[in-house]
Structure formats: C-alpha cells, structure tokens
Amino acid sequence: MNPAPEQPELDRLSADMASLLGRIGLDPAERPERRHRIDLRFAAVAARYPGRVAARDAEDEATYLDLELFADDLARRLSGRTGAGRAVAVRAGRTCAAPGAVLGVLRSGAAVLPLDPGHHPGLQEFLMRDAGASLVVSDSGLLRDEIPVAKVGRFVIGARPAAVPAREIPVESAFMALPGAGTDPGRAARVRPLSHLDVLSWVDATVPLLEVGPDDVWTLFHALSLDLGMREMWGPLLSGARAEVVDRATAADPFAFAALLADRRVTVLTQLPSAFARLVPAAHGTRLDSLRHVLLSHEAVDPALVAAWRSAAVAPAAVVREVTGSPRVW
C-alpha cells in the first residue's frame, strides 16, 4: 500500500527530491511553462506529489515517485545506446507502467515510436524500419530477430537487427506519430516527428482552460499509437492528477466503460466522437456525478449526439468541449 501523502516521512522525501532537482537545474518551484521537455516537467511534478497515485489500471497502480524512479532507471540502461535524433520503439500494453517506459525513453533524449502490441508483427517491423528504431522497450514480448540486452521491471530492452538504417530526426522530437487513418492506402506514409512542444502546447492550453489539478481523475482511453493517446496521457501526469488506464476489453465495451467512469469517479473524459457515440446510449441509467469535462477531439461532432447526452442527464455537471482546432463548448 502506498503511504498517505500527509505522512511526515513522505513530506521529507518530497523536500529531498525538490532539493535534488534544484541542484541539477530542475527546480519544481519554477514556472512549468518554461520547461520545454515532457520528462523535465514530469520530474518537477513528481517532486511535488511523490506519494500520489499517478496511474492506475485494473490490477495495479503507480505513484509519481514509482514512475520517476522507473524512468530514471530505464534512461540509464538506454544511455550510450541511443540519444537525441534517434527513435526507440515502445511496445507497451495498457497498464499503469506504460507512462514510465515512455518517460524513460524521453529522458534518454530519444523520441518514442509507440507500438500497439496487438498490431500485426509485419506492420510493427515496417514502422520500426521507417523510424530507424534500433531498440525496442517492450512489456509484451520481442519479435523475431529482436535480441534482449537488458531488463527494467516488467520491460525488456531489445536490440533490433544491425541492418536497420538510422533515420535522423529533429533533436527536439518526443514522438514519432503514426500515419493517420485518412492516409491513402495505396501509398506508404512515413511516421512523422512530433516535438515536446507539440504535446506541451496542448497541455498548456487545456489544463488552465478546464481549471483542473491534482484532485482530478482523467481517463487514459486511447492507445499510445494514436496521437490523441500521446496527448491525453500528459493532461493528468503534468498536473499532479491521476490517470485511469482503460484496458482494451473495457474500452471495447461501452457498458463496462460507463461503469468504470462511475466506479473510479472520473472527472475528465477524452473521447473520439465515434467512441462517445457508443458510450452515450450505454451510459443511460448511470450517474456520473463526478464527471466535469468531456473533451471530444479529432473527428466531427454531431450536435444530435451531444443533445442525446444532455437529455439523458447522465453527467449533469459535465461540460462538453470540442478541442480539435478552435475550442468550442457545446
């Protein structure tokens, strides 16, 4: 069991971490908008809230300190093997440990190529070749020709075949985004780099707008292989809040998902409108009194869908916002 945040020993630990971060130039008292890297922002948040639960899944949970220490350990194991201008694949299941793996790669200086373990091995191979990833960090096994070189917690670091050509990417890159769903299937679209600021600008615009903070609970619903999944992780984790990781089975079952929203007292829900369309009828009869914000992104919003949600009075306190392009309140 994690210690309660108000325990004296945890207060001392928080003070010690803050002092250490200050000595290495990561003083958490500095304004976060001056930080241009996701991993540095997270380090400052972890210094403030080390004992808070940062991420929870159906079976386990991880505190901010857990994720910070894991990321640091993984970054050390990657040191000398990768760095700025390179990509490392992260093949992670939907667990509370996945953010730690992403953070560890970012802290090594490399960009993350997120892979869904459910994707066909041939597709994963193509994406890794395209990104020039010579290493993979996986909690879901290794593919043929991937050689284990180190282990950190439940994750294995695997080396890719030496024949994989290196691809130079901008040093400020944080993620390698996969081709979008609208890509012409007749042409092989390349994964594209997204910078730390691409992600942080979304956080810096969204968190103040919603007036959310450490007492909030966000869903982590989308796969990391989607750019929406890359972004929604950092709303909670860079504001001291908790991320509720939604496993694949629950995400596919709108009735189970509605029950999770109620049971975990979720306050911020991010959805593709197509997923929200499945949730609306399933949530009838459920009371989501804790839900304060519904963020719809990446697809056109049907006004009739929002009207059906409101008429059901499932979440009377929730404000529905479209956050693609110009923000809009429905």
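What follows is a working chat about a predicted model.

User: What am I looking at, and how many helices and strands does the protein have?
Analyst: A predicted model, so local features need pLDDT of at least 70, side-chain atom pairs count only at pLDDT 80 or more, and totals for chains, interfaces and linings use all residues. Residues are numbered from 1 along each chain as its sequence is written, and side-chain values use heavy atoms, with hydrogens and water left out. The protein has twelve helices and 15 strands. Both are DSSP runs numbered from the N terminus: helices are H or I with at least four residues, strands E with at least two.

User: How much of the protein is buried?
Analyst: Of its 330 residues, 53% count as buried. Buried means under 20% relative accessible area, exposed over 50%, partly exposed in between, using a 1.4 Å probe and protein chains only.

User: And contacts: what share join residues at least 24 apart?
Analyst: 69%, among contacts between residues at least 6 apart in sequence. A contact means heavy atoms within 4.5 Å.

User: Switching to rings. How many aromatic pairs are there?
Analyst: Four. Rings of Phe, Tyr and Trp (its six-membered ring) pair if their centres lie within 6.5 Å; planes under 30 degrees apart are stacked, over 60 edge-to-face, the rest tilted. One of the pairs is Phe70 with Phe155, which is tilted, at 5.7 Å centre to centre and 55° between the planes.

User: What about Phe221 and Phe257?
Analyst: Their ring centres are 4.8 Å apart and their planes sit at 45°, so this pair is tilted. Phe221 is in the loop between β10 (217–220) and α7 (227–232), and Phe257 is in helix α10 (residues 254–263), so the pair ties together parts 36 residues apart in sequence. Both Phe221 and Phe257 are buried.

User: What does α10 meet in α11?
Analyst: Pro254, Phe255, Phe257, Ala258 and Leu261 in α10 meet Arg278, Leu279 and Ala282 in α11. By class, that contact has seven nonpolar, no polar and one charged residues. Ala, Val, Leu, Ile, Met, Phe, Trp, Tyr, Cys and Pro count as nonpolar, Asp, Glu, Lys and Arg as charged, and the others, Gly among them, as polar.

User: At what angle do those two cross?
Analyst: Roughly 75°, and the axes of α10 and helix α11 (residues 273–282) come within 8 Å. Axes are lines fitted to C-alpha atoms, for helices over the stretch in contact, and angles run from 0 to 180 degrees between N-to-C directions. Under 35 degrees is roughly parallel, over 145 roughly antiparallel, 65 to 115 roughly perpendicular, the rest oblique. So α10 and α11 are roughly perpendicular.

User: And how do α2 and α4 pack?
Analyst: Helix α2 (residues 38–48) and helix α4 (residues 98–107) pack at about 120°, with axes 8 Å apart. That makes α2 oblique to α4. Ile38, Asp39, Phe42 and Ala43 in α2 meet Leu103, Leu106 and Arg107 in α4.

User: Is Leu103 buried or exposed?
Analyst: Buried, at 0% relative accessible area. Leu103 touches Asp39, Phe42, Ala71 and Trp234, not counting residues up to four places away in sequence.

User: Last one: what covers the buried residues of α5?
Analyst: The cover includes β3 (87–91), β4 (111–115) and β8 (173–177). The buried residues in helix α5 (residues 121–131) are Gln124, Glu125, Leu127, Met128, Asp130 and Ala131.
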